[in-house]
Protein chains: 2
Amino acid sequence: MLGGFFLVKQMSENKIVELAKEQALVLDCGKSLKSIKTAYTTYGKLNATKDNAILICHALTGDQYVASKHPITKKEGWWSYIVGPEKPIDTNKFFVVCPNVIGGCMGSTGPKEVNSETGKEYGTDFPVITIADMVRAQKLLIDYLGIEKIFCVTGGSMGGMLVLEWLSKFPKMVHSAIPIATATNHSAQNIALNELARQSIMADPNWNSGNYYNSDNKPLKGLSVARMAAHISYLSKDALHSKFGRNLQDKNSLDYSFDADFQIESYLRHQGFTFVDRFDANSYLYITRAMDYFDVSSSNNGSLIESFKNTSSKVLCISFTSDWLYPTSENKKIVKVFNALGINVSFIEIETDGGHDSFLLEEPKLFEAMQGFIKSTYENL
Amino acid sequence: MLGGFFLVKQMSENKIVELAKEQALVLDCGKSLKSIKTAYTTYGKLNATKDNAILICHALTGDQYVASKHPITKKEGWWSYIVGPEKPIDTNKFFVVCPNVIGGCMGSTGPKEVNSETGKEYGTDFPVITIADMVRAQKLLIDYLGIEKIFCVTGGSMGGMLVLEWLSKFPKMVHSAIPIATATNHSAQNIALNELARQSIMADPNWNSGNYYNSDNKPLKGLSVARMAAHISYLSKDALHSKFGRNLQDKNSLDYSFDADFQIESYLRHQGFTFVDRFDANSYLYITRAMDYFDVSSSNNGSLIESFKNTSSKVLCISFTSDWLYPTSENKKIVKVFNALGINVSFIEIETDGGHDSFLLEEPKLFEAMQGFIKSTYENL
């Protein structure tokens, strides 16, 4: 019964709100979105003083189902390990908000949604958005929820970029922040991997320049290959070795064919095939583009010091030793700037062979670090 | 005139020889190839004692044009920096042989060649071959050329695997060897990257289960994406950063489009587009499969000691600090086994940010190491 009780408190309905109705959302590209939909989940209750809100920013292929069952995959929320009753992001204490980013495909305005001006799906008519645009849209949601100051903004990977953008653009609205496994901008290697994914999608004839929503043939193969490429980059060489090595898949000897002989091949194919059920190829293009364009200092002529000069939040940066996509060195750049500005920043590098994906895994050191930081910061509010 | 003189000595005609005519080549998969064609180049002259032959084994997308202009790309040979008059592999002194591997697409028997039994291109009817099969075919060429003992066998990446296979299977035929940036078997990450490439090719509808040779529509997009993925893995994060960083391509500001905004994007697209002119998609499938299957110890129940117990060659192993595909640790495994067996082995780790591709670059430390080893080994013959 206890479990059932927790479950009730933890479960969240997906909500969709229309924002920017009175004033269009002006994007970095110069275009505007007249009214945007934001799909989001909440957990816990906003208290009377409205000081217990935690905003969770999801990664590239994440969504608002942070701690509730995913409607398509039926899997537990992607951060159920971290978010829930008595977990680091304690839904008994905090009011947790997790919105799907604009450009996404789980209900927020994005390429697969219908453009009210044309009555047709946006497709590639959707404007190219940035991480800053995503944060502008999140700010509208936070305003709508009546929150003036967010207790903590957190997220890993792309989610961490949104955290940095919040700290830079709306510094007075953020009491504390936990950017995880992220960077102040995308490296050439990061861009290269995203470009590979985009080319894979656009090479699929079913992509059809982004017009496939009313077709029976969708660019599933291109999207699947894109996901495989990403998945390789999320795992460390050591993790792949210890998880799969050269083990064969349900056989004792090589097949001398192009079927999946090795477990790693089956695993990757499975990752690719299942991904296409829950993700939109055009969203993949738009969100990777936003990540590549990301440079938190771009509106300050490349000066990170200028970009964070108004930040006074308490910050915990976390990196993972085996993350080669957003390595410790990239995360340390953030810490260095914050230190130079006298911002109250802590830094933890977690020793693990889990690779970039470590922030999504059941990593006790991540659990402890987040729990300690959130608890002590809230106690000293 | 001096340059012209050198050029004449260095230039080699492409030759094609039919081998295994009397006795079919029995492959690891159990099938046989009744007569095989091997396309190869030679440089320099075999001396009277036939002790000056150097066999060069090319990498995945390499070919026999090691030191002569490529007939399709018109570019200089892929190892012109290392092979030529007064270079480490001195064509004034040595008789250099470089064959295209079987399974390849530059004239040796492979999926794009006509199967004499059917009168049609093999396509995916070509048997799945292994690195050992490639070496068996090379051995037939070496026999045909009348060479009983090769002075030195060398190659990088997949070429290094062939070197190891030579040392293991035909130890008495190899006086010395230089395996570069290689491994005794393929890691899970290596397999994953190759599987990504294969899935990219097979996702292209123009691949058509390998039957595209007589079609106007070839799987160029799939092959191009495969090449992009490989290219990212060949370069280090630092090399990509110092070469491209976040520099824009012929523009001053972001385009807010899916065109190539960043130089790294243009570069990768160019690498993909130009590759398809010179390489066959099916060959890419077969050769990557051979690499994934490679485990030099597989015929000895996984014992590297057993695999090299008859080796008495003098060996120089070379790795590169920034090579994350075949890192120093993998190359050191070779050295460790050879040391345990009392084989005369030297090891050099070259400090460079050039990544796996370093063996193809103008790397002075590689030049010096190879020159020193080859010179002293030949003097002490």
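Author: Start with a term. Two strands pair if DSSP finds at least two bridges between them. By that rule, strand β5 (residues 53-56) of chain A pairs with β11(A), in the parallel sense, over three bridges. Keep in mind that this is a predicted model.

Stay with β11(A) for a moment. Is strand β11 of chain A enclosed by the rest of the structure or left open? A residue is buried if 20 or more other C-beta atoms lie within 10 Å of its own. Seven of the seven residues of β11 (residues 150-156) of chain A are buried, so this strand is largely enclosed by the rest of the structure. β11(A) has another partner, strand β12 (residues 174-180) of chain A. These two run parallel and are joined by six bridges. Here A:Gly155 faces A:Pro179 of β12(A).

Now turn to β4(A). Strand β4 (residues 36-43) of chain A has six of its eight residues buried, so it too is largely enclosed by the rest of the structure. Which strands does β4(A) pair with? One is strand β1 (residues 15-19) of chain A. β1(A) and β4(A) run antiparallel, with five bridges between them. A:Leu19 stands opposite A:Ile36 of β4(A). Another is strand β8 (residues 95-99) of chain A, again antiparallel, over four bridges. In that pairing, A:Tyr43 has A:Val96 of β8(A) as its bridge partner.

Leave aside residues up to four places away in sequence. A:Val96 then touches A:Thr42, A:Tyr43, A:Gly44, A:Ile54, A:Ile56, A:Val83, A:Ile89 and A:Thr91. In soluble globular proteins, nonpolar side chains tend to be buried together. The largest nonpolar core here has 239 residues. A:Val96 is among those with the most contacts inside that core, along with A:Ala229, B:Val96 and B:Ala229.

Next, the loops. A:Ser35 sits in the loop between β3 (32-33) and β4 of chain A. Its phi is near 70°, a positive value in a residue other than glycine. Most residues other than glycine have a negative phi. A:Ser35 has 14 other C-beta atoms within 10 Å, so it counts as partly exposed. A:Ala67 lies in the loop between β5 and β6 (83-84) of chain A. Is A:Ala67 buried or exposed? It is buried, because 26 other C-beta atoms lie within 10 Å. A:Tyr122 is 55 residues from A:Ala67 along the chain, and their C-alpha atoms are separated by 29 Å. A:Asp250 belongs to the loop between α6 (237-243) and α7 (263-275) of chain A. A:Asp250 is not a glycine either, yet its phi is positive, about 50°. With 8 C-beta neighbours inside 10 Å, A:Asp250 counts as exposed.

Step back to the whole chain. Chain A comes to eleven helices and 14 strands. Its radius of gyration is 21 Å, close to the 21 Å that the globule rule gives for 381 residues, so chain A is as compact as a globular protein of that length. Its C-alpha atoms fill a box of roughly 65 × 55 × 50 Å along the principal axes. Of its 381 residues, 55% count as buried. Take the contacts in chain A with a separation of 6 or more: residues 24 or more positions apart account for 71% of them.

Last, the second copy. A rotation of 180°, with 0.0 Å of shift along its axis, superposes chain B on chain A at an RMSD of 0.0 Å. The two copies are therefore related as by a two-fold rotation axis. The same surface serves both copies, as 100% of the contact residues of chain B recur in chain A. At the interface, 42 residues of chain B are in contact with 42 residues of chain A. Which elements of chain B give two or more residues to that side? They are α4 (188-203), α5 (220-234), α6 (237-243), α7 (263-275) and α8 (281-293) of chain B. The largest share, eleven residues, comes from α4(B). By type, the residues of chain B on this side divide into 23 nonpolar, nine polar and ten charged.

Methods:
Residues numbered from 1 in each chain as written. Chains lettered and ligands numbered in written order. Predicted model: local features only at pLDDT ≥ 70, side-chain atom pairs only at ≥ 80, totals over all residues. Rg over C-alpha atoms; globule rule 2.2 N^0.38 Å. Buried ≥ 20, exposed ≤ 12 C-beta atoms within 10 Å, placed from the backbone. Contact = placed C-beta atoms within 7 Å. Least-squares fit on C-alpha atoms with pLDDT ≥ 70 in both. Nonpolar A, V, L, I, M, F, W, Y, C, P; charged D, E, K, R; others polar. Core = buried A, V, L, I, M, F, W, Y, C linked by C-beta atoms within 7 Å.
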